[in-house]
Amino acid sequence: MNPKITMGSVISARHLQRIHSLVEQRSSGSILVGGEPLKDRSPLDGFNFSRGSFYPPTIIADISLDDALWKEEVFGPVVVLNKFEERAELVIY
């Protein structure tokens with residue numbers, strides 16, 4: 001309800017744990033940004049992130065095609081990146 005807030009909460013504490021578990025238990029990839037639930041105060045408006053289920057935008061590069069993060073829909077602010085040599089590879093995966 002705060003108009004200054006620029007980030008919304010994920011749906012529940014249980015879903016926050018699911019998102020974080022997928023990120024933590026990955027078998028490959030490097031976290032470029034994010035990757036930890038937010039618990040401190042927002043530097044923008046002082047909102048206490050521990051009062052909700054907040055996960056920052058997270059980018060993970062070079063994820064294995066066998067990893068759950070590649071295969072499953074996270075339903076959270078997580079994006080995975082991978083390189084492909086040929087356009088045809090994109091269709092397969």
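This is a short tour of the structure, one selection at a time.

Before you click, note that this is a predicted model, in which local features need pLDDT of at least 70 and side-chain atom pairs count only at pLDDT 80 or more, while totals for chains, interfaces and linings use all residues. Residues are numbered from 1 along each chain as its sequence is written, and side-chain values use heavy atoms, with hydrogens and water left out.

**Helix H1.** Select residues 13-24, the 12 residues of H1. Helices (H or I, at least four residues) and strands (E, at least two) are DSSP runs, numbered from the N terminus.

Now colour His15, Leu16, Ile19, His20, Ser21, Leu22 and Val23, which are buried (under 20% relative accessible area; exposed is over 50%, partly exposed in between, with a 1.4 Å probe and protein chains only). Their cover includes strands E1 (30-33), E2 (58-61) and E3 (78-81), along with helix H2 (68-71).

**Val78.** Next, pick Val78, which is in contact (heavy atoms within 4.5 Å) with Ile19, Val23, Tyr55, Thr58, Ile60 and Leu69, leaving out residues up to four places away in sequence.

**Lys39.** Finally, go to the loop between E1 and E2, where you will find Lys39. Is Lys39 buried or exposed? Lys39 counts as exposed because its relative accessibility is 60%. Beyond neighbours within four places in sequence, Lys39 contacts Asn48, Phe49 and Ser50.

Definitions and conventions. The expected span of a helix is 1.5 Å times one less than its number of residues.
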